Amino acid sequence: MLELERERAASGGVERAVGERNGAAGGTPVGLPDPELVEGPKRRRFSAEYKLRVLREADACSRSGEVGALLRREGLYSSILSEWRKQREAGSLEALGRPRGRKPVDPLEVENAALRRRAERAEAELETARKVIEVQGNVSALLGQLLEPRGADPSTKR
């Protein structure tokens, strides 16, 4: 038992389940994908420009078999071609050519929003300044009352 562990440690091997393969274990060469792992199919996406180009080429075909050769060359089915023709007639291919996402915002709206925020901030600062001035006036009045001589008649001021 100890001899097996020493051999594994010396060779750097990892204990694996029976039948488990690894590129380094001798099944497949390193760098090649493992044949037991099957990658799932990926849905192909075609741009509007590509669809229109293929439709133009298909419409230009005049002899028998040219459309089939085009479809084989592009790796397409005839059902896709007829679906794209319906989309072209409905005008949806031109709509696909437009950029996706939000429409660009009008620069005037952006400027108006910035000016509104700036005006709101200035009004808030003005309100704060008015409160500070009011508090300063109250403090000044209180200090004036506290600093007056107590027995003196306010009417005898100089």
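In what order do the elements of the protein run from the N terminus on? They run α-α-α-α-α-α.

1. Basis of the note. The model is predicted; local features require pLDDT of at least 70, side-chain atom pairs count only at pLDDT 80 or more, and totals for chains, interfaces and linings use all residues. Residues are numbered from 1 along each chain as its sequence is written, and side-chain values rest on heavy atoms, with hydrogens and water left out.

2. Overall composition. The protein has six helices and zero strands; helices (H or I, at least four residues) and strands (E, at least two) are DSSP runs, numbered from the N terminus. Of its 158 residues, 11% count as buried, where buried means under 20% relative accessible area, exposed over 50%, and partly exposed in between (1.4 Å probe, protein chains only). The protein exposes about 14,300 Å², of which carbon and sulfur atoms supply 54%; accessible areas come from the Shrake-Rupley method with a 1.4 Å probe, and for residues only the protein chains shown count as cover. Among contacts with a separation of 6 or more, 51% involve residues 24 or more positions apart, contact meaning heavy atoms within 4.5 Å.

3. Helices α2 and α3. The axes of α2 (residues 48-60) and α3 (residues 66-74) come within 10 Å and cross at roughly 150°. Axes are lines fitted to C-alpha atoms, for helices over the stretch in contact, and angles run from 0 to 180 degrees between N-to-C directions. The two helices are therefore roughly antiparallel to each other; angles under 35 degrees count as roughly parallel, over 145 as roughly antiparallel, 65 to 115 as roughly perpendicular and the rest as oblique. On the α2 side the contact comprises Tyr50, Arg53, Val54, Glu57 and Ala58, which meet Val67, Leu70, Arg73 and Glu74 in α3. These residues divide into five nonpolar, no polar and four charged (Ala, Val, Leu, Ile, Met, Phe, Trp, Tyr, Cys and Pro count as nonpolar, Asp, Glu, Lys and Arg as charged, and the others, Gly among them, as polar).

4. Glutamate 74. This residue has its place in helix α3 and, at 19% relative accessibility, counts as buried. Leaving aside neighbours within four places in sequence, glutamate 74 is in contact with Arg44, Tyr50, Arg53 and Val54. The C-alpha atoms of glutamate 74 and valine 54 are separated by 8.5 Å, the two residues being 20 residues apart along the chain.

5. Helices α2 and α4. The axes of α2 and α4 come within 10 Å and cross at roughly 105°, which makes α2 roughly perpendicular to α4. From α2, Tyr50, Lys51, Leu52, Val54, Leu55, Ala58 and Asp59 meet Leu81, Trp84, Arg85, Gln87 and Arg88 in α4. The residues of this contact divide into seven nonpolar, one polar and four charged.

6. Aromatic pairs. The structure holds three aromatic pairs; rings of Phe, Tyr and Trp (its six-membered ring) pair if their centres lie within 6.5 Å, and planes under 30 degrees apart count as stacked, over 60 as edge-to-face and the rest as tilted. Phenylalanine 46 and tyrosine 50 form a stacked pair, 5.3 Å centre to centre with 15° between the planes. The rings of tyrosine 50 and tryptophan 84 have their centres 6.1 Å apart and their planes at 85°, so this pair is edge-to-face. Tyrosine 50 lies in helix α2 and tryptophan 84 in helix α4 (residues 78-90), so the pair ties together parts that are 34 residues apart in sequence.

7. The aromatic cluster. Phe46, Tyr50 and Trp84 form one aromatic cluster. Tryptophan 84 is buried, with a relative accessible area of 3%, and tyrosine 50 counts as buried at 16% relative accessibility, whereas phenylalanine 46 counts as partly exposed at 24%.
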